[in-house]
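Subject: Structure for your review

Dear colleague,

Please find below the structure that I am handing over to you.

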Amino acid sequence: MASPGFAGKILKVDLTNKRIESIETAKYEEFGGGYGTAIALFWDICVKPGDWDLQDAYDPRNIISIMNGQVSGSGIPYAGRTSVSGLSPQGWPVNWFTRSNIGGDFGTMLKYAGWDGIVVQGRSDKPVYINIINDKVTLEDASKLWGLHTWDTQKAIVRQQTGSSGDGKRDWREIGDDFTLNKPAIICTGQAGENLSRIASLQHGGGAAAGVGGFGGVFGSKKLKAISVIGTGGFKVADPKLLLETREWYAGSGGRQGGPGGFAGFGGPQKAKSSCVSCVRGCRTRGDAGSDDRDQDGCMETTWADIHKPAKKNEQEAKKSNPLLQQYGLNGFDTCFGGLEFGPSGTDFPLETPEASGLGYYIKRLYDMGVIGPGKYVTVNGKKVSVDTAPLQWDTYGTYDFAEKYAKIISTREGFGDLIADGGVRFAEKIGRIDDLNGILRCPTWGHTDHWSMAEVTWGYGDLVDSRDICDHVLQMVFMTLGMGGGAFGGGRKQQNQNPEEFVNNLTKAFVPYDDDPYMFDYSWDNDQAYKTGIYSDHKAKLVAWRMHYHTYYKESLMFCDWNWAKPTGMGDKGTPFGEPRLFNAVTGKNQTFLEGMEIGRKAWNLKRAIYALQGRHKKNEKFAGYMYKPGASGASFTNTLPVYNGKTWSFENVGKMYLSEEGVETWKTHYYKLEGWDQDSGYPTQKTLEKLGMKNVASILKKNNKLGAA
């Protein structure tokens, strides 16, 4: 019998052999569900056999796991996310094992169909989609869907599965012994994924996207167009009455954070059209973008086509263009033209650097420099390489026509699109400009576009020790309002006006088990204090460890939403570290503490580190791109006003000019590896650490491959 919070089984589909089977969830409960379980599944299915080198995300042996969490489907607010993971084709220079995350209702619907997740392996000989109707799972012909954009793909599947017109109208229909009004929840890839773009996303609904990681390309490589699921069942919760009471307790005064608003839920009122399942935030704000599907996210999806200065933005053209990335199935951050702009970034970057300097930003800079364009060539290793940008027409830059052609050529690899379809870093490699990572190509680590990696430097450190832009707003929730005067997340002006030492001490209380160390929040960076208590110290190592363990369990495994959790200040017993375990225990009937959850996250995080070691991760290659060590590294950010300790007193200071030193980063890495229990010279997990976490078998495989850290 399944434990409360779990459906009890995981679906496994082998597309090569057309084999459909189930895996008992109980085998993996120790990893907490969601991403934690997906890491363990990858270890068992892809690593343990030892029959390949774990390098190529497009190898049929790679799996893609799509998982829900223990609180999914329970009605808990801010718990409607779904985890996606596997080897990432976007990862550079190695296709690191990584994860993405998607909102909407797919994970919940999958759970109502009786599944805690789905694992797909192999490669079909023709286009297919996986159709799940409760416990009935079939492979359907997707030949007529191949080549459709993501919105049309989903409408076509809805028509096939429900007999409706796909216009959103719903009628009761019979499914087995049950009836439902629901349409299927669908995840699919677009033309970009079909053509193996490494920056292709997976789309769900009108705009929810698993963007980072290139998992749309993994679908394409497997000839998998989509997964459709309809569920009419349920799952066991420990005490339904207690769960209802807990939901009401949390959603009452103080439990709701944010609401219908602008960019990512703040910045002034906009038309909020919908939320993820069971949520109360209403952050899907792009209802007036000119589309007929209003279920779209309110983050990069609202600013993807915004162009950077000195070009002049056309609001209507940008708004009209924004849906293109969803329709073609492209990662917004890594293909955008610039997004929001907040101000100058530093003397090394005379143009104002946008919040996300994606591929569109990079190629415009190269065009303005005369490097690429009509009739242009570059010389790479003694050979002439055409960098003619046809069919792009630069005199239309900033218009819908330009954006549409840009999205199309990436997705179809037409002309110049074939050069840029694999993302900015690989494009730079192809044209002999990889040194742009020291300047205008702003990808701090592993080939992913810069996105708030500085000055709240633990975001950047998280990118470094993980495999992607961690996109984890846990501290942005706290610090964003310090420099803005309040409003965005509540309490901003109160924070801004309070005593800095009091603010830091109150904040520290939430960061169990490091709740006795306020120096974690010192952002000293350009003096000796940086090594004592600031960004290169063992104190900052604690904050990053907390962040990665928390993120791995509470956000990616339980599936609590990043835009609401963690909430370390001003929320009383509804905030971190009190709220999460109370919500979890109401569903599961357990008496799990916050710290016990953090330890589950630490276990899964260490197992992932073992995978990285086998893929080739080492202290020597865990380095930032060159521009991160130059003025201007911080770029544009909401979070430049941060706490600083000078050795005697605390203050709030603008540290927006922050950049790193290589010596300082190496010092920080040594502190961090020591804290995690990893070898300080290699970054490999040690026998002692893995055995303490109950993973002696993992240590034996690392030892066999000479990847086990010294004792």
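Six strands make up an open sheet with mixed pairing, and their order is E2-E1-E6-E3-E4-E5. At its edges are strand E2 (19–24) and strand E5 (97–102), each of which pairs on one side only. From one strand to the next, the twist averages 20°. Please bear in mind throughout that this is a predicted model.

Within this sheet, strand E1 (residues 9–14) and strand E6 (residues 117–121) run parallel and are joined by four bridges.

Is Thr37 buried or exposed? The relative accessible area of Thr37 is 2%, and a residue counts as buried under 20%, so Thr37 is buried. Leaving aside residues up to four places away in sequence, Thr37 touches Ile10, Tyr28, Phe31, Gly32 and Met67.

There is another open sheet to examine. Its six strands follow the order E8-E7-E14-E11-E12-E13, and the pairing is mixed. Strand E8 (136–141) and strand E13 (208–210) stand at the edges; each has a single partner strand, so one side of each has no neighbour in the sheet. Neighbouring strands here are turned by 20° against each other on average, direction ignored.

At one end of that order, strand E12 (residues 202–204) pairs with E13 in the antiparallel sense, over three bridges. Gln203 has Ala209 in E13 as its bridge partner. Helix H3 (residues 150–162) packs on this sheet and touches strand E7 (128–133), strand E11 (185–188), E12 and strand E14 (224–230). Between the direction of H3 and that of E11 the angle is about 140°.

I turn now to the packing of helices against one another. The axes of helix H14 (residues 457–465) and helix H19 (residues 538–555) come within 10 Å and cross at roughly 65°. This crossing of H14 and H19 is right-handed. On the H14 side, the residues that meet H19 are Thr458, Trp459, Tyr461, Gly462 and Val465; on the H19 side, they are Lys540, Leu543, Val544, Arg547 and Met548. Sorted by class, the contact of H14 with H19 has six nonpolar, two polar and two charged residues.

Helix H19 also meets helix H21 (residues 594–615): their axes come within 7 Å and cross at roughly 95°. Angles of 65 to 115 degrees count as roughly perpendicular, and H19 and H21 are therefore roughly perpendicular to each other. From H19, the contact is made by Trp546, Met548, His549, Tyr550, Thr552, Tyr553 and Tyr554. From H21, the residues are Phe594, Gly597, Met598, Ile600, Gly601, Arg602, Ala604 and Trp605. By class, the contact of H19 with H21 has ten nonpolar, four polar and one charged residues.

Finally, some totals for the protein. Its secondary structure comes to 24 helices and 18 strands. Of the 711 residues in the protein, 64% are buried. Among contacts with a separation of 6 or more, 68% are between residues 24 or more positions apart.

Yours sincerely,

A colleague

Key. Residues numbered from 1 in each chain as written. Predicted model: local features only at pLDDT ≥ 70, side-chain atom pairs only at ≥ 80, totals over all residues. Heavy atoms only, no water. Axes fitted to C-alpha atoms, helices over the stretch in contact; angles between N-to-C directions. Helix = DSSP H or I, 4+ residues; strand = E, 2+ residues; numbered from the N terminus. Left-handed = near helix turned anticlockwise from the far one by under 90°. Contact = heavy atoms within 4.5 Å. Nonpolar A, V, L, I, M, F, W, Y, C, P; charged D, E, K, R; others polar. Pairing = 2+ DSSP bridges. Parallel < 35°, antiparallel > 145°, perpendicular 65-115°, else oblique. Buried < 20%, exposed > 50% of the residue type's maximum accessible area, 1.4 Å probe, protein only.
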